[in-house]
Amino acid sequence: MTRPEPVLRYMPGFGNECETEALPGALPQGQNSPQNCPYGLYAEQVSGTSFTAPRRQNKRSWLYRIRPSVLHARRFQRAEAPLWRSGGSDSDSVASAGQFRWGAIPFPEQKLNFIEGVRTIATAGEVDSRRGLSVHALLVTRSMTDQYFYDADGELLVVPQQGGLDFFTEFGRIVVEPGEICVLPRGVKFKALLRDGPMRGFICENYGAPFSLPNLGPIGANCLASPLDFKTPVAVFEDIEKPCCMFVKWGGDFFACDIARSPLDVVAWRGNYAPYKYDLRRFCPIGAALFDHPDPSIFTVLTSPSEIEGTANVDFAIFSDRWLVAEHTFRPPWYHVNAMSEFMGLIYGRYDAKPQGFGPGGMSLHNAMIPHGPDAAAFEIASRTELKPERLSDTLAFMFESRFPQRLTKYAAELDTLEKDYSDCWSELPKRFTGAA
Ligand SMILES: O=C(O)Cc1cc(O)ccc1O
Ligand SMILES: [Fe+2]
């Protein structure tokens, strides 16, 4: 089933103050909250940060809508999303110390919409204290129809691996395909529609500070992700009066309420709190120009900082096409023990530390202070290969790296695609010591 292509327009730039109207003159001029808004719209502010957050972090938008949100979310009943777990409230967490790897999760027979399709793999930190994240696999096999959702606990960084999604949000429409990502801020209402066929992907549900662009330090003013490559949708609205259902995730629990209309009724908006997308192939990597393998922080696309300088609540990094040119160097990642936890997923191609066992749709978790590195086969090849310039092509892996340990869910621990003998990928590393005993 191929959906007609929506008219998609985006505004360029990261974190900009934007303004957009689906009907001419819908934005009030010169003030946010006039006595009467154009077209009889209601004015509503959505705050992504506290009112008094410092100006450089302060996020809020003004929405001009057919009805205020209070009619779209009230009289809540408890609802279920049994495989969607949250940090601090997942009582099922299982032993998480170790190296873990899973193959791609096959599409199930059941029809799953976006909410039903979230399967939490790991949780970290704690949802109510706004620290940490959870990592979800996502399998969507049907569109949301007359169903809407918002996540009051965290922003959603969506990473498609197979198939795309069309997010119809309060702020407009965002289509994402494999190779792209989108971020749906905390509290933004949306429905997720399938594009052509089922969609598989990953989500980082970030409970901490909203994602921002990393500082570039001595790299200078350019490279990595360029702010202008981030795209925010223009206003599009539904004016649909019929029974619908609103789902809300709040404090790790799920709630639902019946509503008499679509909540995607924002005719115009302005501000700096809005969803956005980014094509990961626009990322401009920096790398070793002479020797040695730099830390993977050079590949950070977005960072959610914590209160400790340089110690992210979560960093989103990618391993994409690039040249390897380092001389007299072991070029894949080194063996390492990281204070931070590392969840990885493969979108397409091969990953140089695990060229065989880590396939597209696969995921791995190397937890905080748990040693890992190239598998025995990768070590063997990289130790004797001729060091001519080599292009890593048609490859895209990503990492959610957090200061918090990531705790496996029971679902992840019992997944059929969990590789029980993953840590044997290092068993064949030989003793190479040449010193005398
Ligand atoms: O473990 C991994 O594969 C991710 C990773 C890549 C890299 O180039 C350096 C360190 C690191 O953790
Ligand atoms: Fe690592």
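His-336 is exposed, because 12 other C-beta atoms lie within 10 Å; a residue is called buried at 20 or more other C-beta atoms within 10 Å of its own, exposed at 12 or fewer, and partly exposed in between, with C-beta atoms placed from the backbone. The model is predicted, and local features need pLDDT of at least 70, side-chain atom pairs count only at pLDDT 80 or more, while totals for chains, interfaces and linings use all residues. Residues are numbered from 1 along each chain as its sequence is written, and chains are lettered from A and ligands numbered from 1 in the order in which they are written.

The UniProt record, an unreviewed entry, lists His-336, Glu-342 and His-372 under "binding site". These residues span 37 residues in sequence, yet no two of their C-alpha atoms are more than 11.6 Å apart, so they gather at one spot. Two of them are set out below, where contact means C-beta atoms, placed from the backbone, within 7 Å, and strands are DSSP runs of E with at least two residues, numbered from the N terminus.

| Residue | Location | C-beta atoms within 10 Å | Contacts beyond four places in sequence |
|---|---|---|---|
| His-336 | loop between β22 (314-324) and β23 (341-348) | 12 | His-372, Gly-373 |
| Glu-342 | strand β23 | 22 | His-366, Met-399, Glu-401 |

Leaving aside neighbours within four places in sequence, Phe-316 is in contact with residues including Leu-157, Cys-204, Phe-398 and Phe-400.

Of the 437 residues of the protein, 44% count as buried, and residues 24 or more positions apart account for 80% of the contacts with a separation of 6 or more. Along the principal axes, the C-alpha atoms fill a box of roughly 85 × 45 × 45 Å.

Notes: Contact = placed C-beta atoms within 7 Å. UniProt positions renumbered as here; feature names shortened; annotations may be inferred.
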